[in-house]
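Here is a quick walk through one model, with its pocket, its ligand site and its aromatic rings in turn. Keep the viewer open as you read.

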Amino acid sequence: MSEFSLDDLAAIVKRRAYSDDASSYTAKLMAKGPARIAKKFGEEAVEAVIAAVEGDRDALVSETADVLYHLAVLLESRGVAFDAVFAELARRTGQTGLEEKASRPAE
Ligand SMILES: N=c1c2ncn([C@@H]3O[C@H](COP(=O)(O)OP(=O)(O)OP(=O)(O)O)[C@@H](O)[C@H]3O)c2ncn1[C@@H]1O[C@H](COP(=O)(O)O)[C@@H](O)[C@H]1O
């Protein structure tokens, strides 16, 4: 079990997001705004999908790390804490995925 958690990642992203360190990719990405960050997140997700479809385990691990990092930056850009996501996941425990889907408001 790794010592590293999503909370650790979120803390790093929060610390670097507003840094004026020119070498920070996080700060550079944050300055571009949520739409651009969301696009990068989508690109990384597609790369993870490709790795999964190809059955490339190492690439899937690496691309998933990229996905989680870019998700952390995206959430930070919209002021959403991982805690809110964890609370939503916790709320869903005790029901099956299909029950949860049926309980969603109609679109
Ligand atoms: N986990 C990550 C992480 N994963 C991916 N990346 C960066 O995400 C970028 C994605 O690469 P791409 O080639 O897809 O994109 P790009 O061409 O560089 O960017 P675009 O021109 O497409 O916008 C690379 O620069 C990666 O280094 C990350 N950058 C930072 N972190 C974490 O954030 C910490 C702080 O990083 P800095 O903010 O850069 O100091 C690091 O120590 C890490 O813990």
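How much space lies in the largest pocket? About 190 Å³. This is a predicted model, so local features need pLDDT of at least 70, side-chain atom pairs count only at pLDDT 80 or more, and totals for chains, interfaces and linings use all residues. Residues are numbered from 1 along each chain as its sequence is written, and side-chain values use heavy atoms, with hydrogens and water left out.

A pocket here is an open set of points on a 1 Å grid over the protein atoms alone, where a 1.4 Å probe fits, with protein on both sides within 12 Å along at least five of seven lines; lining residues have an atom within 4 Å of a point. The volume is the space filled by probe spheres set on the points, which are joined across faces, edges and corners.

As for the overall fold, the protein chain has six helices and zero strands (DSSP runs: H or I of at least four residues for helices, E of at least two for strands, numbered from the N terminus). Its C-alpha atoms fill a box of roughly 50 × 35 × 35 Å along the principal axes.

Back to the pocket: H1, H4 and helix H5 (82–92) each supply at least two lining residues, and H1 gives the most, with four. The lining includes Asp7, Lys14, Leu75 and Phe82. By class it divides into seven nonpolar, one polar and four charged residues (Ala, Val, Leu, Ile, Met, Phe, Trp, Tyr, Cys and Pro are nonpolar, Asp, Glu, Lys and Arg charged, and the others, Gly among them, polar).

Now the ligand. There are 13 residues around it, and Arg16, Ser24, Tyr25, Thr26 and Lys40 come nearest (a residue is near with a heavy atom within 4 Å). That shell has three nonpolar, four polar and six charged residues.

| Side chain | Distance to a ligand oxygen |
|---|---|
| Arg16 | 3.0 Å |
| Ser24 | 2.5 Å |
| Arg36 | 3.0 Å |

Taken alone, the ligand exposes 840 Å², and the protein buries 55% of that (Shrake-Rupley, 1.4 Å probe).

Finally, the rings: the whole structure has two aromatic pairs (Phe, Tyr or Trp rings, the six-membered one for Trp, with centres within 6.5 Å; planes under 30 degrees apart are stacked, over 60 edge-to-face, the rest tilted). Tyr25 and Tyr69 form a tilted one, 6.1 Å centre to centre with 35° between the planes. Tyr25 lies in helix H2 and Tyr69 in helix H4, so this pair ties together parts that are 44 residues apart in sequence.

Notes
Polar contact = N/O pair within 3.5 Å; in protein donor to acceptor, adjacent residues only side chain to side chain.
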